[in-house]
Amino acid sequence: MIELTDVRKVFPARRRAGEVVAVDGVSLRVQAGEFAGVVGPSGSGKSTLVRLVNLLERPTSGSVTVDGQVLTDLPDDRVREARRSIGMVFQHFELLDSRTAAGNVEHPLELAGVGRAERRRRATELLDLVGLGERAEARPAQLSGGQKQRVAIARALAVRPKVLLCDEATSALDQASTAGVLELLRRVRSELGLTVLLITHEMAVVKAVCDSAVLLERGRVVDGGRLSEVLTRGHSPLADALLPAPVADAGAGHGGALLRVTVTDRTPETVVLQTLVGELGLAVEVAGGSVETVAGGRYGRLLLRVTGDLDRLDAGLRGLRDGGVVVERVPAHGGVAAGSGATR
Amino acid sequence: MSDWGRVYPQLFEATGETLYMVGVAALLTVLLGVPLGVLLTVTAPGGLAPRPLLNRALGLVVNLGRALPFIILLVLVAPVTRGIVGTTIGSTAAIVPLTLGAIPFLARLVETSLREIAPGKVEAALSMGARRRDVVRTVLLPESRPSLVAGVTVTVVALISYSAMAGAVGGGGLGDFAIRFGYQQFRTDITLLTVVLLLVIVQLLQWAGDRWARRLAHV
């Protein structure tokens, strides 16, 4: 549904500063119906990237395709039409203070030339959808942050877009409002069959709503994929960002072996424990880690310390790996450190 | 003071002339000054339709209009006035320099108001497929309405003060009245009365403008 191919955006040099390469050769593909995230630290080019999708910023090079239309090949007036099938939600809502909630939802319909009666009807319908049917006549100044963002979402959906872009849509909200808005986004995605591209600097947001994500750093994609797949990898920048790897030196030097295990719905920790405790007769202690719900599935990374008769451990781990479990022995950090210290 | 009976009708007439000059000039100023202010805003670097050269040229003309003392403008535009009105004398003729003097003033105020609008609101409208003129019509002007009304109020008050000088070209009005009956005939009471009358008009205008602006501001 969205396809960026080797997109670059360079902002020309200004008086003091030299030219800035905001987006540096990004290729990205979002399937229809997917909830995709772009995550990265501030200044990584996320906001520029999302603006390249609806050509609010024209890429310096590369191509942008949305819903089969190569936007970068279109003249300005056709781009304007194409934007109507791409809704956008902003960090600071950007509602018009001079209009009521309903008036704001009507704005894009007005721009599209929809008649007054139809606009009213549609605005009511959309405000009901986002749970603000009662506040149709309220001014933005009378609404809370979360409510404003709901109105903004209703506005973005008014012209029945196929794609919804969210630029840090929850970053100006408190935790409760964030949860509400994210829940709403997931709901409209499934009810309306939308494709969503969400930009955020918060991993928690990606974990809560995204099916897939890419990690952006200094204008480049450094990692990405479906979360269910990323999280079953042992190590990767995005996996580590989503579920911080447990610290390996926790309680090092107590003997035994340290194991790093990736837990998923298909390979829960019970399977691992069954092998380690039940079959190998080892004592298992959780040295660190966490298990969380991500993209509707259960994922975790655990650091286990096993003690006892370790002779059959490697064979047991091989068996687990054959069964699809991601598990690795952590090199004994404490020992290595002590050894190198002694030679000095 | 036995001559008040003679003065009152003249005062009444002068008030009418002032209101006529200021009213028509204000209307024309809004009709021409607001578009000029919009043009100044959108052609600025980083604006909706950046045209650096046009922007600089407009800025220069506007600054020239504002730097010129009104009394000089009055004389300078006399040929233009004659061209438009047919004469350079009278209230109607005074409307031309009044309007020309107030347009740059209002245009700058409009520009300041429009610049206050968060760029994100413009971006949001563009993301909905708005054309540039749609952005001006549905975002910039409505969102800055309270501040535009305040700007127009200030401009109208300035017009009243300018109009006092229109007497110099036989435009009549309260300023002219104060000079002819008050100053030149050593009648301080008449001068004072005229000033009070002007003050009342300005106060009423300011009060109405403030009320209107407040009603439009929903923040």
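**A helix and its surroundings**

Helices (H or I, at least four residues) and strands (E, at least two) are DSSP runs, numbered from the N terminus. This is a predicted model, in which local features need pLDDT of at least 70 and side-chain atom pairs count only at pLDDT 80 or more, while totals for chains, interfaces and linings use all residues. Residues are numbered from 1 along each chain as its sequence is written, and chains are lettered from A and ligands numbered from 1 in the order in which they are written.

Helix α10(A) spans residues 269-279, and its buried residues are Glu269(A), Val272(A) and Leu276(A). Because these three cover an arc of only 65 degrees around the axis, they lie on the same side of α10(A), the arc being that of the directions from the helix axis to the C-beta atoms. An α-helix has 3.6 residues a turn, so residues three or four places apart point the same way. The buried residues of α10(A) pack against β11 (257-263), β12 (283-294), β13 (297-307), α11 (313-322) and β14 (326-330) of chain A. Just after the helix, Gly281(A) adopts a positive phi of about 65 degrees.

Strand β11(A) pairs with β13(A) in the antiparallel sense over seven bridges, and two strands are said to pair if DSSP finds at least two bridges between them. Within that pairing, Val263(A) stands opposite Gly300(A) in β13(A). Strand β11(A) also pairs with β14(A), again in the antiparallel sense, here over five bridges, and the bridge partner of Leu258(A) in β14(A) is Val330(A).

Another sheet can be followed in chain A. It is open, has four strands in the order β2-β1-β4-β5 (chain A), and its pairing is antiparallel. The edge strands, each of which pairs on one side only, are β2 (20-30) and β5 (69-70) of chain A. Strand β4 (residues 61-66) of chain A runs antiparallel to β5(A) and is joined to it by two bridges, and Thr65(A) has Val70(A) as its bridge partner in β5(A).

Arg160(A), found in the loop between α5 (145-157) and β7 (163-167) of chain A, has a phi near 50 degrees, a positive value in a residue other than glycine. It counts as exposed because it has 11 C-beta neighbours inside 10 Å. Arg218(A), placed in the loop between β9 (212-217) and β10 (220-226) of chain A, has a positive phi near 45 degrees and is likewise a residue other than glycine. With 14 C-beta neighbours inside 10 Å, Arg218(A) counts as partly exposed.

At the scale of the chain, the secondary structure of chain A comes to twelve helices and 14 strands, and 42% of its 344 residues count as buried. Its C-alpha atoms fill a box of roughly 80 × 50 × 35 Å, taken along the principal axes. The domain assignment, whose bounds come from an automatic or database source, gives domain 1 (2-238) and domain 2 (243-343) of chain A. The centres of these two domains, taken over C-alpha atoms, are separated by 40 Å. Eight residues of domain 1 of chain A are in contact with ten residues of domain 2 of chain A, where contact requires C-beta atoms, placed from the backbone, to lie within 7 Å.

The contact with the other chain takes 19 residues from chain A and 19 residues from chain B. On the side of chain A that touches chain B, α2 (76-83) and α3 (101-111) of chain A each supply at least two residues, and the largest share, four residues, comes from α3(A).

Finally, chain A averages a pLDDT of 88, and 94% of the residues score at least 70, pLDDT being the predictor's confidence in each residue, from 0 to 100. Over residues 334-344 of chain A, however, the pLDDT is below 50, and this stretch has four contacts in the model beyond near neighbours in sequence. Where pLDDT is low, the predicted coordinates should not be read in detail.

Conventions. Contact = placed C-beta atoms within 7 Å. Buried ≥ 20, exposed ≤ 12 C-beta atoms within 10 Å, placed from the backbone.
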